[in-house]
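Dear colleague,

Please find below the structure that I am handing over to you. My notes on it follow directly after.

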There are 2 protein chains.
Amino acid sequence: MNAARPLPDRVRRIQAEMAERGIDATIVFKPENSFLLTGFNPIIYSHPVIAIVPAEGEPMMLVHALRDDHGRASAFVSDIRLYGAWSTKVTMGPNWLDALVSILGELGVASGRLALEEEFVPLQRYRQITERLSDADFVDASHFIDTVRLIKDPDQIEMARLAAKLADTGMDEAVRQIAQGVSEREISIQSMHAMNRYWTENLPDIEVADFGTLEGGAQNGLWTWTLVGDRMFFNCDNPTLRRPQRGEAVSVFIWANANGIHAENERTVAFGPLPDVNRRALDTILDIRETLRPMLRPGTRYADLFLATKAGLEKAGYPDNIPGRIGHGIGLGAHEHSSLDAKSELVLEPGMMFTLEPNLRVPGVCATQISDTILITDTGCEYLTQSRGGYIEV
Amino acid sequence: MNAARPLPDRVRRIQAEMAERGIDATIVFKPENSFLLTGFNPIIYSHPVIAIVPAEGEPMMLVHALRDDHGRASAFVSDIRLYGAWSTKVTMGPNWLDALVSILGELGVASGRLALEEEFVPLQRYRQITERLSDADFVDASHFIDTVRLIKDPDQIEMARLAAKLADTGMDEAVRQIAQGVSEREISIQSMHAMNRYWTENLPDIEVADFGTLEGGAQNGLWTWTLVGDRMFFNCDNPTLRRPQRGEAVSVFIWANANGIHAENERTVAFGPLPDVNRRALDTILDIRETLRPMLRPGTRYADLFLATKAGLEKAGYPDNIPGRIGHGIGLGAHEHSSLDAKSELVLEPGMMFTLEPNLRVPGVCATQISDTILITDTGCEYLTQSRGGYIEV
């Protein structure tokens with residue numbers, strides 16, 4: 001193991017989950033998860049990056065030969081194996097499956113208990129693996145990896161603060177643009193450019209690539225989008241040339257990331273004084289946010305945050321407009337798996353990160369979109385996003 | 001069906017593939033593919049968008065209730081069904097699985113032959129579906145959908161030309177930035193901003209969102225990245241603050257898209273005169289590109305393009321540096337499934353789109369990165385990307 005890059009605690013926590021289940025090795029394909037356990041994001045995933053986590057010791061990383069130099073420069077693991085053919089590189093086999101089978105043989109676990117991400121691994125790949133390793137016993141890895149991801153390690157928290165600073169920078173610029181009365185698209189592209197400028201000028205060693213699909217890759221994940229007035233009822237859309245009229249609300253959505261860890265910052269900004277019906281919706285949500293603030297500490301249940309929001313909306317006269325959830329986990333995904341909803345059994349713990357976004361949609365009438373990225377600390381919480389809150393009118 | 005939005009030919013071609021295989025319905029989850037068959041990209045896919053293609057007639061679209069308004073505004077299909085709970089929307093059931101089972105029952109195919117994308121559908125989802133539809137017979141859809149995607153419809157070709165224009169705009173700005181001797185990151189962010197400005201000023205009705213993962217979404221897919229000098233041996237990386245020295249090559253990579261259809265434009269630019277070893281590599285590749293040009297017409301085999309490249313590299317003294325492939329399909333994916341390699345059995349047909357990128361990597365010595373997006377026409381080809389080619393020195 002590279003002495004300069006100690007293994008993060010999440011590797012130990014994954015291995016503790018594996019020990020509980022008698023798992024000999026976990027084979028990880030999902031880009032967010034292979035990054036979690038190796039530190040390498042190749043950006044383009046048409047050739048899979050596979051993390052192999054043994055019961056003890058450092059994870060191994062299996063990559064296509066063309067990712068060799070990049071992988072060695074980025075990963076916190078040191079045992080990097082190659083597959084495929086590229087230039088003069090020597091590899092373990094023509095494809096990832098042959099190389100994976102060799103590695104599992106070398107570890108002595110080819111007929112052991114192996115964990116795969118059942119929520120991610122496509123049927124075809126699952127069949128290829130289980131046919132070649134017909135003596136092994138396969139169990140699910142998705143659920144325990146998601147559980148481990150709920151708690152962020154110190155290296156991830158440091159990145160989350162930088163991502164939040166990027167998002168705040170984008171929000172400040174968006175609010176300046178809204179004040180000029182320009183279009184959704186102009187607000188969005190100026191906000192993204194402001195984040196890119198901040199990245200270029202202040203964060204020399206940070207990457208802002210995101211995790212892409214198998215058919216592409218997200219080279220730059222500093223994103224702003226904007227919905228003006230009744231366009232809010234689309235909930236999400238690519239920005240258009242629509243400009244706000246005086247008295248309309250403008251909602252700005254920002255996702256930023258630093259070395260793969262995300263922050264979300266969303267604000268609804270009044271472009272001139274709002275009609276009463278819209279102002280009351282915003283004030284209701286801002287009041288609810290204040291009610292929730294002292295609850296943001298270890299020991300509070302996710303469900304209690306949801307129920308306090310529901311009570312606040314009912315009291316304010318919106319019993320028919322209760323959202324399905326009021327936030328979600330965030331980290332290597334902008335939308336990680338946990339939901340702040342009525343059914344959740346999760347309890348806040350130090351190191352948890354999520355978005356806090358109780359919001360209102362009264363179809364055709366009014367809508368709000370306010371979200372901050374929250375970190376739970378030993379004694380309470382830290383608002384990672386810190387741009388101006390409260391009622392904002394320009 | 002909305003009369004203003006005729007069904008594209010690809011729906012008919014999917015149904016022809018289904019008829020050959022006796023398939024009663026194809027159930028489509030992969031974002032690129034559900035967009036292909038409905039015209040709707042919600043950008044955020046944490047709630048799946050499902051296209052259901054019956055043996056005859058219009059596809060149906062099943063979306064979460066919160067995507068109702070957006071979906072109706074974007075899709076070319078008119079039969080849109082809802083699941084989940086959101087505000088006051090009335091839905092078919094609390095989750096997509098219940099709704100899907102109802103729809104298949106309504107179509108009378110719940111015990112028929114159903115096709116699923118085996119290269120994409122995760123094991124867990126496959127199990128959920130096959131357990132609920134235990135009388136159905138399941139077959140693969142990935143392969144025939146990929147085959148249909150090889151040929152682009154006129155609406156997609158129109159978008160590809162716009163995407164290529166965006167990519168060319170980004171490349172022109174990147175070359176101007178390189179001439180100033182600025183960093184990889186500065187080149188990249190100015191190039192992306194130039195594309196965003198072009199989009200804002202010239203393409204009012206076009207979306208540039210890409211297809212994201214289940215944990216996020218790619219709000220803006222106008223991407224430039226840059227590798228200076230020996231950083232080329234990483235093949236792909238997030239841009240750094242590295243600036244070119246006189247005599248170094250700078251490679252610029254651009255992906256753009258218009259309504260989901262991608263173009264790729266890549267150039268290797270000399271920052272001042274290059275040392276002979278680098279110049280010879282570039283000249284070799286430029287010569288090979290000229291050799292390939294007259295072969296770009298219906299009837300040529302993918303493999304012949306690869307073999308002509310291999311012969312050119314061998315003749316020029318690079319027999320140990322033959323790449324694995326010299327291009328790939330492009331369309332709704334920046335990297336679609338087909339590869340221009342020795343093993344391919346594909347033959348060029350009108351409507352095919354791919355990148356043409358024979359390139360050299362001699363590890364530690366020299367590298368090139370030149371790529372254009374090519375459309376095969378009835379009589380030959382159209383270079384969709386049209387920015388300056390040949391040897392470029394600034």
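**The contact between chain A and chain B**

Between chain A and chain B, eight salt bridges are counted. In one salt bridge, Arg127(A) is paired with Glu118(B), and their closest N and O atoms are 3.0 Å apart. Please bear in mind that this is a predicted model. The interface of the two chains also holds 42 residue pairs in polar contact, both residues being at pLDDT 80 or more.

On the side of chain A that touches chain B, at least two residues each are supplied by helix H3 (68–74), helix H5 (123–132), helix H8 (184–202) and strand S7 (223–228). H8(A) gives the largest share of that side, with 10 residues. Sorted by class, this side of chain A comprises 32 nonpolar, 21 polar and 18 charged residues. In total, 71 residues of chain A and 72 residues of chain B take part in the contact. The area buried between chain A and chain B is about 6400 Å², and carbon and sulfur atoms give 54% of it.

**The two domains of chain A**

Chain A is divided into domain 1, residues 9–149, and domain 2, residues 154–393. Their C-alpha centres lie 34 Å apart. The contact between them involves 13 residues from domain 1 and 17 residues from domain 2. About 1400 Å² is buried between these domains of chain A, with 55% given by carbon and sulfur atoms.

Two salt bridges are found across this domain interface. Arg10(A) and Asp155(A) form a salt bridge in which the closest N and O atoms are 3.0 Å apart. H2 and H6 of chain A each supply at least two residues of the side of domain 1 that touches domain 2. The largest share of that side, four residues, comes from H2(A). By class, the side of domain 1 has six nonpolar, three polar and four charged residues.

**Helix H2 of chain A**

Helix H2 (residues 31–38) of chain A is largely enclosed by the rest of the structure, because eight of its eight residues are buried. Among them are Pro31(A), Glu32(A), Phe35(A) and Leu36(A). The buried residues of H2(A) pack against helix H1 (9–20), strand S1 (25–28), strand S2 (50–54), strand S3 (60–64), helix H6 (142–149) and helix H7 (154–179) of chain A. After H2(A) comes Gly39(A), which has a positive phi, near 85°.

With kind regards

Conventions:
Residues are numbered from 1 along each chain as its sequence is written. Chains are lettered from A and ligands numbered from 1 in the order in which they are written. This is a predicted model: local features need pLDDT of at least 70, side-chain atom pairs count only at pLDDT 80 or more; totals for chains, interfaces and linings use all residues. Side-chain values use heavy atoms; hydrogens and water are left out. Buried means under 20% relative accessible area, exposed over 50%, partly exposed in between (1.4 Å probe, protein chains only). Contact means heavy atoms within 4.5 Å. Buried area is the accessible area (1.4 Å probe) that two parts lose on being put together, summed over both. A salt bridge is a side-chain nitrogen of Lys or Arg within 4 Å of a carboxyl oxygen of Asp or Glu. A polar contact is a pair of N or O atoms within 3.5 Å; within protein, one must be able to donate a hydrogen and the other to accept it, and residues adjacent in sequence count only if both atoms are side-chain atoms. Ala, Val, Leu, Ile, Met, Phe, Trp, Tyr, Cys and Pro count as nonpolar, Asp, Glu, Lys and Arg as charged, and the others, Gly among them, as polar. Domain bounds come from an automatic or database domain assignment.
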